[in-house]
Protein chains: 2
Amino acid sequence: MKNDNDIEQRIQYLIHCLREAGIKATNQRLEVFRTVLESEEHPDAERVYQIVSQRVPTISLDTVYRTLWLLKDLDFISTIETTQSKTRFDANIDTHHHFVCSECGAIIDFYNDKFDKLEIPIEIEELGTANRLLVEIKGICNKCLANMTNDQIKTKKGERK
Amino acid sequence: MKNDNDIEQRIQYLIHCLREAGIKATNQRLEVFRTVLESEEHPDAERVYQIVSQRVPTISLDTVYRTLWLLKDLDFISTIETTQSKTRFDANIDTHHHFVCSECGAIIDFYNDKFDKLEIPIEIEELGTANRLLVEIKGICNKCLANMTNDQIKTKKGERK
DNA sequence: TTTGGTGCAAACCGTTTGCATCGCT
DNA sequence: AGCGATGCAAACGGTTTGCACCAAA
(Lines give C-alpha, C1' and ligand atoms only; values in the text may rest on other atoms or scores of the structure.)
Protein backbone atom coordinates (compact mmCIF):
# COMPACT_ATOMS: atom_id res chain seq x y z
CA MET A 1 0.00 0.00 0.00
CA LYS A 2 2.89 2.33 0.72
CA ASN A 3 6.03 2.37 -1.40
CA ASP A 4 9.39 3.97 -0.75
CA ASN A 5 9.02 6.51 -3.55
CA ASP A 6 5.84 7.87 -2.02
CA ILE A 7 7.58 8.18 1.31
CA GLU A 8 10.67 9.92 -0.10
CA GLN A 9 8.43 12.23 -2.05
CA ARG A 10 6.43 13.21 1.00
CA ILE A 11 9.61 13.79 2.98
CA GLN A 12 10.95 16.04 0.22
CA TYR A 13 7.69 17.95 0.29
CA LEU A 14 8.00 18.33 4.05
CA ILE A 15 11.52 19.76 3.67
CA HIS A 16 10.16 22.20 1.09
CA CYS A 17 7.31 23.34 3.33
CA LEU A 18 9.52 23.64 6.41
CA ARG A 19 12.05 25.84 4.57
CA GLU A 20 9.24 27.93 3.16
CA ALA A 21 7.91 28.50 6.67
CA GLY A 22 11.38 29.33 8.01
CA ILE A 23 11.45 26.19 10.15
CA LYS A 24 14.64 24.15 10.20
CA ALA A 25 14.57 20.77 8.48
CA THR A 26 16.54 18.90 11.11
CA ASN A 27 17.38 15.23 10.91
CA GLN A 28 15.22 14.53 13.96
CA ARG A 29 12.15 16.05 12.31
CA LEU A 30 12.60 14.13 9.07
CA GLU A 31 13.14 10.83 10.87
CA VAL A 32 10.09 11.31 13.06
CA PHE A 33 8.00 11.96 9.96
CA ARG A 34 9.49 8.95 8.18
CA THR A 35 8.61 6.75 11.15
CA VAL A 36 4.97 7.77 11.18
CA LEU A 37 4.81 7.38 7.39
CA GLU A 38 6.24 3.87 7.51
CA SER A 39 4.16 2.74 10.44
CA GLU A 40 1.22 0.47 9.68
CA GLU A 41 -0.12 0.86 13.22
CA HIS A 42 -1.28 4.18 14.65
CA PRO A 43 1.75 4.76 16.85
CA ASP A 44 1.75 6.80 20.04
CA ALA A 45 4.66 9.13 20.85
CA GLU A 46 6.47 6.49 22.89
CA ARG A 47 6.33 3.98 20.03
CA VAL A 48 7.61 6.58 17.54
CA TYR A 49 10.40 7.33 19.99
CA GLN A 50 11.37 3.64 20.23
CA ILE A 51 11.60 3.31 16.46
CA VAL A 52 13.34 6.64 15.76
CA SER A 53 15.88 5.94 18.51
CA GLN A 54 17.29 3.10 16.42
CA ARG A 55 18.29 5.54 13.68
CA VAL A 56 18.88 8.64 15.82
CA PRO A 57 20.04 7.26 19.18
CA THR A 58 20.43 10.67 20.85
CA ILE A 59 16.88 11.87 20.15
CA SER A 60 14.77 12.63 23.21
CA LEU A 61 11.13 11.85 23.83
CA ASP A 62 10.19 15.49 24.13
CA THR A 63 11.65 16.27 20.72
CA VAL A 64 9.45 13.51 19.35
CA TYR A 65 6.44 15.15 20.98
CA ARG A 66 7.36 18.61 19.73
CA THR A 67 7.88 17.26 16.22
CA LEU A 68 4.63 15.31 16.16
CA TRP A 69 2.65 18.39 17.14
CA LEU A 70 4.55 20.46 14.58
CA LEU A 71 3.70 17.95 11.86
CA LYS A 72 0.11 18.02 12.99
CA ASP A 73 -0.02 21.81 12.86
CA LEU A 74 1.36 21.65 9.32
CA ASP A 75 -1.29 19.02 8.44
CA PHE A 76 1.30 16.38 7.55
CA ILE A 77 -0.14 13.97 10.09
CA SER A 78 -3.30 13.83 12.16
CA THR A 79 -4.21 12.67 15.64
CA ILE A 80 -6.75 9.97 16.25
CA GLU A 81 -9.48 10.07 18.86
CA THR A 82 -8.94 7.33 21.43
CA THR A 83 -10.49 6.01 24.61
CA GLN A 84 -7.01 5.70 26.07
CA SER A 85 -4.78 8.36 27.53
CA LYS A 86 -2.09 8.08 24.87
CA THR A 87 -2.41 10.26 21.80
CA ARG A 88 -2.01 8.27 18.59
CA PHE A 89 -0.77 9.63 15.28
CA ASP A 90 -1.58 8.86 11.69
CA ALA A 91 -0.03 9.77 8.35
CA ASN A 92 -2.59 7.89 6.26
CA ILE A 93 -4.03 10.53 3.93
CA ASP A 94 -6.20 8.11 1.93
CA THR A 95 -9.89 8.17 2.74
CA HIS A 96 -10.41 5.37 5.21
CA HIS A 97 -12.57 4.29 8.11
CA HIS A 98 -11.98 2.92 11.58
CA PHE A 99 -12.81 -0.26 13.39
CA VAL A 100 -12.37 0.50 17.09
CA CYS A 101 -12.05 -2.21 19.71
CA SER A 102 -13.90 -1.21 22.87
CA GLU A 103 -11.84 -3.65 24.92
CA CYS A 104 -8.23 -2.82 24.05
CA GLY A 105 -8.65 0.44 22.15
CA ALA A 106 -7.06 -0.85 18.95
CA ILE A 107 -7.92 1.19 15.88
CA ILE A 108 -7.85 -0.73 12.61
CA ASP A 109 -8.17 1.13 9.28
CA PHE A 110 -10.51 -0.33 6.71
CA TYR A 111 -11.60 0.76 3.26
CA ASN A 112 -15.14 0.86 1.90
CA ASP A 113 -16.29 2.54 -1.29
CA LYS A 114 -19.87 2.97 -0.15
CA PHE A 115 -18.79 4.81 3.01
CA ASP A 116 -16.34 6.95 1.01
CA LYS A 117 -19.26 8.32 -1.00
CA LEU A 118 -21.23 9.55 2.01
CA GLU A 119 -21.83 13.26 1.89
CA ILE A 120 -21.77 15.76 4.70
CA PRO A 121 -25.37 16.79 5.51
CA ILE A 122 -26.19 20.52 5.22
CA GLU A 123 -27.45 20.64 8.83
CA ILE A 124 -23.81 20.40 9.90
CA GLU A 125 -23.32 24.01 8.83
CA GLU A 126 -25.10 25.01 12.04
CA LEU A 127 -22.32 23.39 14.06
CA GLY A 128 -19.25 24.53 12.13
CA THR A 129 -17.18 23.92 9.02
CA ALA A 130 -16.82 20.25 8.16
CA ASN A 131 -13.89 18.92 6.20
CA ARG A 132 -13.77 15.17 6.63
CA LEU A 133 -16.18 12.33 7.21
CA LEU A 134 -15.39 8.86 8.41
CA VAL A 135 -17.32 5.89 9.62
CA GLU A 136 -16.41 4.39 12.93
CA ILE A 137 -17.46 0.86 13.74
CA LYS A 138 -17.18 -0.17 17.37
CA GLY A 139 -16.84 -3.74 18.42
CA ILE A 140 -14.38 -6.22 19.85
CA CYS A 141 -11.30 -7.19 17.85
CA ASN A 142 -10.33 -10.79 17.18
CA LYS A 143 -7.38 -10.61 19.54
CA CYS A 144 -9.60 -9.58 22.47
CA LEU A 145 -12.26 -12.13 21.55
CA ALA A 146 -9.58 -14.82 21.76
CA ASN A 147 -8.42 -13.56 25.15
CA MET A 148 -11.96 -13.43 26.50
CA THR A 149 -12.69 -17.06 25.70
CA ASN A 150 -9.32 -18.03 27.15
CA ASP A 151 -9.87 -16.22 30.42
CA GLN A 152 -13.39 -17.66 30.74
CA ILE A 153 -14.44 -16.03 34.01
CA LYS A 154 -13.01 -12.71 33.04
CA THR A 155 -12.80 -9.83 35.49
CA LYS A 156 -13.96 -7.31 32.91
CA LYS A 157 -11.52 -4.44 33.09
CA GLY A 158 -10.52 -2.53 30.03
CA GLU A 159 -7.63 -0.18 29.36
CA ARG A 160 -8.16 3.17 31.00
CA LYS A 161 -6.96 6.70 30.63
CA MET B 1 -35.25 15.04 24.57
CA LYS B 2 -34.83 13.58 28.05
CA ASN B 3 -37.62 13.57 30.59
CA ASP B 4 -37.54 12.90 34.31
CA ASN B 5 -39.51 9.67 34.05
CA ASP B 6 -36.96 8.19 31.68
CA ILE B 7 -34.21 9.15 34.07
CA GLU B 8 -35.95 7.74 37.16
CA GLN B 9 -36.71 4.57 35.25
CA ARG B 10 -33.10 4.11 34.23
CA ILE B 11 -31.94 4.73 37.78
CA GLN B 12 -34.40 2.12 39.05
CA TYR B 13 -33.05 -0.31 36.49
CA LEU B 14 -29.50 0.43 37.64
CA ILE B 15 -30.47 -0.31 41.26
CA HIS B 16 -32.00 -3.57 40.08
CA CYS B 17 -28.89 -4.60 38.13
CA LEU B 18 -26.53 -3.61 40.93
CA ARG B 19 -28.41 -5.67 43.50
CA GLU B 20 -28.59 -8.60 41.12
CA ALA B 21 -24.80 -8.41 40.72
CA GLY B 22 -24.26 -8.14 44.46
CA ILE B 23 -22.99 -4.57 44.17
CA LYS B 24 -24.24 -2.04 46.67
CA ALA B 25 -26.56 0.67 45.36
CA THR B 26 -24.99 3.54 47.27
CA ASN B 27 -26.20 7.11 47.09
CA GLN B 28 -22.91 8.17 45.46
CA ARG B 29 -23.36 5.68 42.65
CA LEU B 30 -26.92 6.67 41.93
CA GLU B 31 -26.11 10.38 41.94
CA VAL B 32 -23.15 9.93 39.61
CA PHE B 33 -25.37 8.05 37.18
CA ARG B 34 -28.10 10.69 37.46
CA THR B 35 -25.57 13.40 36.65
CA VAL B 36 -24.36 11.72 33.48
CA LEU B 37 -27.98 11.02 32.47
CA GLU B 38 -29.00 14.64 32.95
CA SER B 39 -25.94 16.09 31.26
CA GLU B 40 -26.39 17.44 27.76
CA GLU B 41 -22.63 17.78 27.27
CA HIS B 42 -20.21 14.84 27.34
CA PRO B 43 -18.84 15.48 30.80
CA ASP B 44 -15.39 14.44 31.96
CA ALA B 45 -14.87 13.05 35.47
CA GLU B 46 -14.00 16.46 36.91
CA ARG B 47 -17.23 18.00 35.55
CA VAL B 48 -19.32 15.13 36.93
CA TYR B 49 -17.58 15.66 40.26
CA GLN B 50 -18.41 19.39 40.27
CA ILE B 51 -22.09 18.69 39.66
CA VAL B 52 -22.47 15.74 42.02
CA SER B 53 -20.72 17.65 44.79
CA GLN B 54 -23.66 20.02 44.96
CA ARG B 55 -25.96 17.17 45.99
CA VAL B 56 -23.42 14.96 47.78
CA PRO B 57 -20.88 17.42 49.19
CA THR B 58 -18.66 14.76 50.76
CA ILE B 59 -18.13 12.72 47.59
CA SER B 60 -14.54 12.44 46.40
CA LEU B 61 -13.17 12.62 42.88
CA ASP B 62 -11.83 9.09 43.00
CA THR B 63 -15.25 7.70 43.90
CA VAL B 64 -16.57 9.49 40.84
CA TYR B 65 -13.90 7.77 38.75
CA ARG B 66 -14.56 4.37 40.27
CA THR B 67 -18.28 4.76 39.70
CA LEU B 68 -17.92 5.95 36.11
CA TRP B 69 -15.80 2.92 35.23
CA LEU B 70 -18.25 0.66 37.05
CA LEU B 71 -21.14 2.09 35.05
CA LYS B 72 -19.12 1.60 31.90
CA ASP B 73 -18.38 -2.01 32.73
CA LEU B 74 -22.10 -2.54 33.27
CA ASP B 75 -22.82 -0.83 29.92
CA PHE B 76 -24.92 1.90 31.51
CA ILE B 77 -22.69 4.59 30.04
CA SER B 78 -19.94 4.65 27.43
CA THR B 79 -16.70 6.53 26.98
CA ILE B 80 -16.08 8.72 23.98
CA GLU B 81 -12.93 8.77 21.91
CA THR B 82 -11.20 12.14 22.26
CA THR B 83 -8.08 13.91 21.09
CA GLN B 84 -7.66 15.33 24.58
CA SER B 85 -6.30 13.71 27.69
CA LYS B 86 -9.56 13.79 29.60
CA THR B 87 -11.89 10.84 29.27
CA ARG B 88 -15.44 11.89 28.51
CA PHE B 89 -18.57 9.97 29.38
CA ASP B 90 -21.93 9.56 27.70
CA ALA B 91 -25.25 8.09 28.71
CA ASN B 92 -26.94 8.82 25.37
CA ILE B 93 -28.23 5.46 24.20
CA ASP B 94 -30.06 6.79 21.14
CA THR B 95 -28.34 6.19 17.80
CA HIS B 96 -26.44 9.36 17.09
CA HIS B 97 -23.39 10.70 15.31
CA HIS B 98 -20.53 13.01 16.20
CA PHE B 99 -19.23 16.29 14.92
CA VAL B 100 -15.68 16.61 16.24
CA CYS B 101 -13.82 19.91 16.35
CA SER B 102 -10.17 19.38 15.46
CA GLU B 103 -9.24 22.63 17.18
CA CYS B 104 -10.78 22.35 20.66
CA GLY B 105 -11.81 18.70 20.73
CA ALA B 106 -15.51 19.45 21.29
CA ILE B 107 -17.81 16.56 20.42
CA ILE B 108 -21.31 17.54 19.36
CA ASP B 109 -24.00 14.88 18.91
CA PHE B 110 -26.15 15.11 15.82
CA TYR B 111 -28.93 12.98 14.42
CA ASN B 112 -29.32 11.82 10.82
CA ASP B 113 -31.73 9.16 9.57
CA LYS B 114 -29.67 8.32 6.50
CA PHE B 115 -26.58 7.62 8.59
CA ASP B 116 -28.65 5.59 11.08
CA LYS B 117 -29.54 3.17 8.29
CA LEU B 118 -25.95 2.39 7.32
CA GLU B 119 -25.16 -1.27 7.68
CA ILE B 120 -21.99 -2.90 8.92
CA PRO B 121 -20.15 -4.40 5.91
CA ILE B 122 -19.45 -8.15 6.03
CA GLU B 123 -15.70 -7.58 5.57
CA ILE B 124 -15.63 -6.35 9.16
CA GLU B 125 -16.01 -9.94 10.33
CA GLU B 126 -12.34 -10.42 9.50
CA LEU B 127 -11.43 -7.80 12.12
CA GLY B 128 -13.77 -8.78 14.95
CA THR B 129 -17.36 -8.56 16.16
CA ALA B 130 -19.04 -5.24 15.42
CA ASN B 131 -21.89 -3.90 17.50
CA ARG B 132 -22.28 -0.23 16.73
CA LEU B 133 -21.71 2.13 13.81
CA LEU B 134 -21.46 5.87 13.89
CA VAL B 135 -20.46 8.59 11.51
CA GLU B 136 -17.84 11.04 12.64
CA ILE B 137 -17.54 14.37 10.87
CA LYS B 138 -14.39 16.33 11.57
CA GLY B 139 -14.19 20.05 11.19
CA ILE B 140 -13.93 23.25 13.14
CA CYS B 141 -16.77 24.28 15.43
CA ASN B 142 -18.37 27.71 15.31
CA LYS B 143 -16.83 28.76 18.60
CA CYS B 144 -13.30 28.07 17.31
CA LEU B 145 -14.04 29.71 13.97
CA ALA B 146 -15.03 32.85 15.85
CA ASN B 147 -11.85 32.75 17.92
CA MET B 148 -9.69 32.26 14.85
CA THR B 149 -10.97 35.35 13.11
CA ASN B 150 -10.62 37.31 16.34
CA ASP B 151 -7.03 36.31 16.93
CA GLN B 152 -6.14 37.02 13.29
CA ILE B 153 -2.45 36.04 13.31
CA LYS B 154 -3.09 33.00 15.37
CA THR B 155 -0.24 30.96 16.85
CA LYS B 156 -1.91 27.69 15.92
CA LYS B 157 -1.84 25.59 19.05
CA GLY B 158 -4.74 23.33 19.95
CA GLU B 159 -5.58 21.54 23.15
CA ARG B 160 -3.23 18.66 23.72
CA LYS B 161 -3.10 15.45 25.70
C1' DT C 1 -22.70 -7.99 61.45
C1' DT C 2 -20.06 -8.27 57.73
C1' DT C 3 -18.09 -7.11 53.62
C1' DG C 4 -17.80 -4.11 50.06
C1' DG C 5 -17.56 1.13 49.40
C1' DT C 6 -15.68 5.55 50.49
C1' DG C 7 -12.43 9.43 51.33
C1' DC C 8 -7.86 10.73 51.84
C1' DA C 9 -3.26 11.31 50.33
C1' DA C 10 0.33 9.67 47.88
C1' DA C 11 1.81 7.36 43.63
C1' DC C 12 1.63 6.97 38.59
C1' DC C 13 2.22 7.95 33.81
C1' DG C 14 1.76 10.55 29.57
C1' DT C 15 2.93 15.02 28.30
C1' DT C 16 4.87 19.77 28.69
C1' DT C 17 8.20 23.34 29.92
C1' DG C 18 12.53 26.20 31.30
C1' DC C 19 16.97 26.44 30.36
C1' DA C 20 21.69 25.89 28.66
C1' DT C 21 23.83 23.91 24.63
C1' DC C 22 23.98 22.55 19.81
C1' DG C 23 23.76 22.75 14.81
C1' DC C 24 20.94 24.34 10.49
C1' DT C 25 20.83 28.11 7.34
C1' DA D 1 27.43 34.03 13.14
C1' DG D 2 22.98 33.97 14.66
C1' DC D 3 18.95 32.09 16.23
C1' DG D 4 15.88 28.41 16.26
C1' DA D 5 16.07 23.37 17.78
C1' DT D 6 17.52 19.96 20.98
C1' DG D 7 18.25 17.25 25.32
C1' DC D 8 17.88 17.17 30.04
C1' DA D 9 15.42 17.16 34.21
C1' DA D 10 11.93 18.86 36.69
C1' DA D 11 6.96 20.17 36.66
C1' DC D 12 2.17 19.19 35.46
C1' DG D 13 -2.50 17.26 35.18
C1' DG D 14 -5.56 13.46 34.78
C1' DT D 15 -6.17 9.07 36.78
C1' DT D 16 -5.24 5.18 39.97
C1' DT D 17 -4.16 2.88 44.30
C1' DG D 18 -3.35 1.45 49.40
C1' DC D 19 -5.28 1.93 53.52
C1' DA D 20 -8.27 2.85 57.54
C1' DC D 21 -12.98 4.09 58.39
C1' DC D 22 -18.01 3.79 57.19
C1' DA D 23 -22.54 2.13 55.80
C1' DA D 24 -25.71 -0.92 52.76
C1' DA D 25 -27.42 -5.50 52.94
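**A tour of chains A and B**

Start with both chains on screen and select the contact between them: 49 residues come from chain B and 49 residues from chain A. Keep in mind that this is a predicted model.

**Stop 1: the interface as a whole**

The size of an interface is often given as the accessible area lost when the parts come together. Chain B and chain A bury about 4300 Å² between them. Carbon and sulfur atoms account for 52% of that area.

**Stop 2: polar links across the interface**

Select B:Lys138 and A:Glu81 and show their side chains. They meet in a salt bridge, at 3.1 Å from N to O. The interface of chain B and chain A has 2 salt bridges by the rule used. Across the interface, 17 residue pairs are in polar contact, with both residues at pLDDT 80 or more.

**Stop 3: the chain B side**

Hide chain A and colour chain B by element. Which elements give two or more residues to the side that touches chain A? Two helices of chain B do, H4 (61–73) and H6 (142–151). So do strands E1 (78–80), E3 (97–101), E4 (107–110) and E5 (128–141) of chain B. Select E5(B) next: this strand gives the most, with 14 residues. Then colour this side by residue class. Its residues divide into 21 nonpolar, 13 polar and 15 charged.

**Stop 4: a helix pair in chain A**

Bring chain A back and select helix H1 (residues 4–20) and helix H2 (residues 27–38). The two pack at an angle of about 145°, with axes 10 Å apart. H1(A) passes H2(A) in a right-handed crossing. On H1(A), show A:Ile7, A:Glu8, A:Arg10, A:Ile11, A:Leu14 and A:Ile15. On H2(A), show A:Leu30, A:Phe33, A:Arg34, A:Leu37 and A:Glu38. These residues make the contact. By class, the contact has 7 nonpolar, 4 charged and no polar residues.

**Stop 5: A:Arg34**

To finish, show the salt bridges over all chains: the count comes to 18.

How values were computed:
Residues numbered from 1 in each chain as written. Chains lettered and ligands numbered in written order. Predicted model: local features only at pLDDT ≥ 70, side-chain atom pairs only at ≥ 80, totals over all residues. Heavy atoms only, no water. Axes fitted to C-alpha atoms, helices over the stretch in contact; angles between N-to-C directions. Helix = DSSP H or I, 4+ residues; strand = E, 2+ residues; numbered from the N terminus. Left-handed = near helix turned anticlockwise from the far one by under 90°. Contact = heavy atoms within 4.5 Å. Nonpolar A, V, L, I, M, F, W, Y, C, P; charged D, E, K, R; others polar. Buried area = accessible area lost by both parts, 1.4 Å probe. Salt bridge = Lys/Arg side-chain N within 4 Å of Asp/Glu carboxyl O. Polar contact = N/O pair within 3.5 Å; in protein donor to acceptor, adjacent residues only side chain to side chain.
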